[in-house]
Amino acid sequence: MEPTTQTEDTERLVTLLRRGPRTVEQLADELDRGPSTIRAMLDELQEQGYGIRETPYGALEIAATSELDAEPVRHAGQAESTFKIALVSDTHLCSTHQQLTALRDFYRIAADEGVKRVYHSGDVIAGEGVYRGQQYDLFLVGHDNQVDYVVEYYPDDVPTTFITGNHDLAYLSRTGIDPGRAIARERPDMEYVGQWARRVEVAPGIYLDLTHGSGGVAYAISYKLQKAIEAYAPGDEPHILSDGHYHVMMQMYRRGVWAYHPGCFEGQTGLLRRLKLHPVIGGWILTIHVDEPGRIGAVESRFYQFDERERDY
């Protein structure tokens, strides 16, 4: 029998992890390699963008998981009484309905207004195979091609912190590669903080939750945002919530949470036409006034809306 190559071993390792969780020792037995070799291969796969995580029982798996319960990302620096952030979502780059011009204009406005960071609630890219007929709404296919497009064309006027949503993670289920990791590796100004959800400390004691929802838009646009807030246990609510996925804009204040649907930067796709839904293109800029660490006194919220452009790619 001819010896296998390292590439063949790596492909077999990915195949085994896709079949279900396995410990390092189990992988070593099945691949007939030492545990140290398996760990080195796992490290290399993570560097390549594969989403490998450890289960509570010590096994390893390839999976998309919410990271809202993880330690918050710390962006809090010196305490400021007033600061600005921006909220965006669902840019869906590589869709034939992407609104790249509007996205670039929004980032320029954010930079001019002194926004220190833009927070993105997922679906940076369009992905593939997310809904029936999506292939007709794409001008670029393939994980590497879509990631390369983001690396080259996503605005860099202001640093971006982002999570991944269902369109991004379509590639994780198909290939085992997390495009968020691949994007952040090539774009130092784009900080990737997790799949589906993540909490960020944006100022001392002030927390923002980035989440990417699921399902369709409810008849009452406020419904999904209300349910998202109600899902928090008492005392675990963030100060600010940005919930992407729905391609609508909405603001409400409930249970001490300043909550937002952040709009989108994709026009009306074939799917949205079938569902008779019209996206709201744009993003929020928030001016946050802090009374003391851990307490927001006021938020000035301004939504910048843009008209849809055809063939904006």
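This is a short tour of a predicted model, stop by stop.

**Stop 1: tyrosine 119**

Select tyrosine 119. The residue sits in strand S5, which covers residues 118-120. Is tyrosine 119 buried or exposed? Its relative accessible area is 0%, and buried means under 20%, so tyrosine 119 counts as buried.

Now show what surrounds tyrosine 119. Leaving aside residues up to four places away in sequence, tyrosine 119 touches His75, Ile85, Ala86, Leu87, Val88, Thr161, Val200, Val202, Leu208 and Leu210. Pick histidine 75 from that list. The side chains of tyrosine 119 and histidine 75 make a polar contact at 2.8 Å.

Along the chain, glutamine 251 and tyrosine 119 are 132 residues apart. Their C-alpha atoms are separated by 16 Å.

**Stop 2: the open sheet**

Select strands S3, S8, S9, S10, S12 and S11. In that order, these 6 strands form an open sheet with mixed pairing. Which strands stand at the edges? They are S3 (73-74) and S11 (249-254). Each has a single partner strand, so one side of each is left without a neighbour in the sheet.

**Stop 3: serine 242**

Move to strand S10, residues 240-244, and select serine 242 there. Serine 242 is buried, because its relative accessible area is 0%.

Look across to strand S12, residues 257-262. S10 and S12 pair in the parallel sense, over 3 bridges. Which residue of S12 is the bridge partner of serine 242? It is tyrosine 260.

Tyrosine 260 is also one of the residues that serine 242 touches.

**Stop 4: the nonpolar cores**

Select Phe106, Val150, Tyr154 and Phe265. They have the most contacts inside the largest nonpolar core, a set of 30 residues. Strand S4 (82-88), helix H4 (100-112), helix H5 (143-153), helix H7 (179-186) and strand S7 (190-195) each supply at least two residues of this core. Which element gives the largest share? Helix H4 does, with 6 residues.

Finish with another core, which lies apart from the largest one and has 23 residues. Val73, Ile85, Ala203 and Tyr260 are among them.

Methods
Residues are numbered from 1 along each chain as its sequence is written. This is a predicted model: local features need pLDDT of at least 70, side-chain atom pairs count only at pLDDT 80 or more; totals for chains, interfaces and linings use all residues. Side-chain values use heavy atoms; hydrogens and water are left out. Helices (H or I, at least four residues) and strands (E, at least two) are DSSP runs, numbered from the N terminus. Buried means under 20% relative accessible area, exposed over 50%, partly exposed in between (1.4 Å probe, protein chains only). Contact means heavy atoms within 4.5 Å. A polar contact is a pair of N or O atoms within 3.5 Å; within protein, one must be able to donate a hydrogen and the other to accept it, and residues adjacent in sequence count only if both atoms are side-chain atoms. Two strands pair if DSSP finds at least two bridges between them. A nonpolar core is a set of buried Ala, Val, Leu, Ile, Met, Phe, Trp, Tyr and Cys residues joined through side-chain atoms within 4.5 Å.
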